[in-house]
Amino acid sequence: MKAATAYINTKALTHNISQLRLQAPNSKILAVVKANGYGHGLARVAQSLPDVDGFGVARIEEALTLRAGGIVKPVLLLEGFYAATDLPVLVTNNIHTVVHSVEQLEALEQAQLDSQVVVWLKIDTGMHRLGVRPEQLDEFVERLHACPNVAKPLRYMSHFGCADELNSAVTHQQVNTFLSLTEGCRGERSLAASAGILAWPDSHLEWIRPGIIMYGVSPFMETERSSAAFDMKPVMTLTSSLIAVRDVKKGEQVGYGGIWTSERDTKVGVIAIGYGDGYPRSAPNGTPVLVNGRTVPMAGRVSMDMLTVDLGPDAADKVGDEAIIWGEGLPAEVVAEHIGTIAYELVTKLTSRVAMAYL
């Protein structure tokens with residue numbers, strides 16, 4: 001009997017990459033592996049993807065972990081460097097950086113470096129989170145071109161704010177703005193992340209940046225745009241085991257606060273996973289779990305180490321049987337919808353107590 005275990009299917013991962021190449025056959029792939037490979041294991045995910053063209057991370061520590069794990073392909077800091085003292089580390093380890101602020105620009109201009117840094121200039125095309133505004137672009141380009149620490153040609157990128165909302169006009173505006181601003185630029189460009197790859201083909205350009213979809217989880221809320229609809233396979237299947245099967249009488253309450261009262265005589269299963277493993281405490285009654293091939297509803301509040309499900313009065317489930325929390329047979333998107341969150345949060349919040357098994 002095993003407690004919480006996340007099985008990572010590396011064949012599913014490479015399958016998903018092959019499907020993304022079909023979506024954008026003329027684009028290079030920057031596989032986004034930030035947040036510990038979206039909870040799937042940073043180094044192991046990258047080592048399982050020999051055919052991608054580079055990797056995207058959020059923090060310099062993640063980039064160094066990839067280098068320590070033998071990854072030699074380009075690694076891009078998607079938020080850029082945080083301090084001027086990071087620049088020699090980037091040079092030593094051949095790490096690319098986004099530049100999105102005047103502080104980063106000035107640090108590059110003032111640094112004394114042994115070799116040049118590959119820079120991706122981030123343009124704010126409408127999300128208004130990071131990036132240089134369109135009216136600043138010419139000055140940034142001119143100064144970066146004049147900076148001896150910066151490799152030429154520059155590269156350019158932006159990020160969508162509403163690409164998962166197919167009826168939004170914002171994405172059309174962002175695509176048009178980016179294409180207009182980078183017209184005539186010699187450097188390569190990147191605009192599309194997961195939703196952009198699947199729904200906005202005009203945004204594919206020279207590089208695409210798959211994140212959540214690479215792991216077999218759809219960026220869209222609509223059922224008809226599930227990961228399976230794009231022939232994507234879940235890479236993570238999170239499981240645990242039944243550690244108790246109990247008879248509960250009609251009218252009896254289960255768990256902390258008694259938030260679930262049985263409406264019949266039934267059997268309740270206790271599964272060894274809880275918020276100490278990263279499963280959301282906010283999951284309500286009725287959140288699905290897969291036990292022996294059938295979906296059963298959560299019954300009662302999630303505890304630190306356990307959750308409880310209504311197996312039904314005729315259940316034949318027994319102690320030691322496996323429960324699938326999400327993954328193969330129960331998409332993370334479906335679980336997330338019941339909880340009122342997004343699947344990104346589910347897979348990235350698993351704690352170190354969850355065992356990782358690579359298949």
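The model is a predicted one, where local features need pLDDT of at least 70 and side-chain atom pairs count only at pLDDT 80 or more, while totals for chains, interfaces and linings use all residues. Residues are numbered from 1 along each chain as its sequence is written, and side-chain values use heavy atoms, with hydrogens and water left out.

Tyr 279 and Trp 326 have the most contacts inside the largest nonpolar core, a set of 109 residues. A nonpolar core is a set of buried Ala, Val, Leu, Ile, Met, Phe, Trp, Tyr and Cys residues joined through side-chain atoms within 4.5 Å. Buried means under 20% relative accessible area, exposed over 50%, and partly exposed in between (1.4 Å probe, protein chains only). A second core, separate and made of five residues, includes Val 248, Val 254, Trp 260 and Val 268. Across the protein chain, 53% of the 359 residues are buried.

Now for the strands and helices. The protein chain has eleven helices and 18 strands; these are DSSP runs, numbered from the N terminus, with helices (H or I) of at least four residues and strands (E) of at least two. Eight of the strands form a closed barrel with parallel pairing, in the order β2-β3-β4-β5-β6-β7-β8-β9. Pairing requires that DSSP finds at least two bridges between two strands.

Strand β13 (residues 266-271) is largely enclosed by the rest of the structure, because five of its six residues are buried. β13 pairs with β10 (residues 236-248) in the antiparallel sense over six bridges, and here Val 245 has Gly 269 of β13 as its bridge partner. β13 also pairs with β16 (residues 307-310), again antiparallel, over four bridges. In that pairing, Val 268 stands opposite Asp 310 in β16.

Of its 31 lining residues, Lys 34, Tyr 38, Arg 129, His 159 and Tyr 344 are the closest to its centre. Helices α2 (34-38), α9 (194-199) and α11 (343-348) are the elements that each give two or more residues to this lining, which divides into 17 nonpolar, six polar and eight charged residues. For these classes, Ala, Val, Leu, Ile, Met, Phe, Trp, Tyr, Cys and Pro count as nonpolar, Asp, Glu, Lys and Arg as charged, and the others, Gly among them, as polar.

On a 1 Å grid over the protein atoms alone, a cavity is a set of points where a 1.4 Å probe fits but cannot get out, and a pocket is an open set with protein on both sides within 12 Å along at least five of seven lines; lining residues have an atom within 4 Å of a point. Grid points are joined across faces, edges and corners, and a volume is the space filled by probe spheres set on the points. The largest cavity has a volume of about 50 Å³, and its lining includes Lys 122, Asp 124, Arg 129 and His 159.
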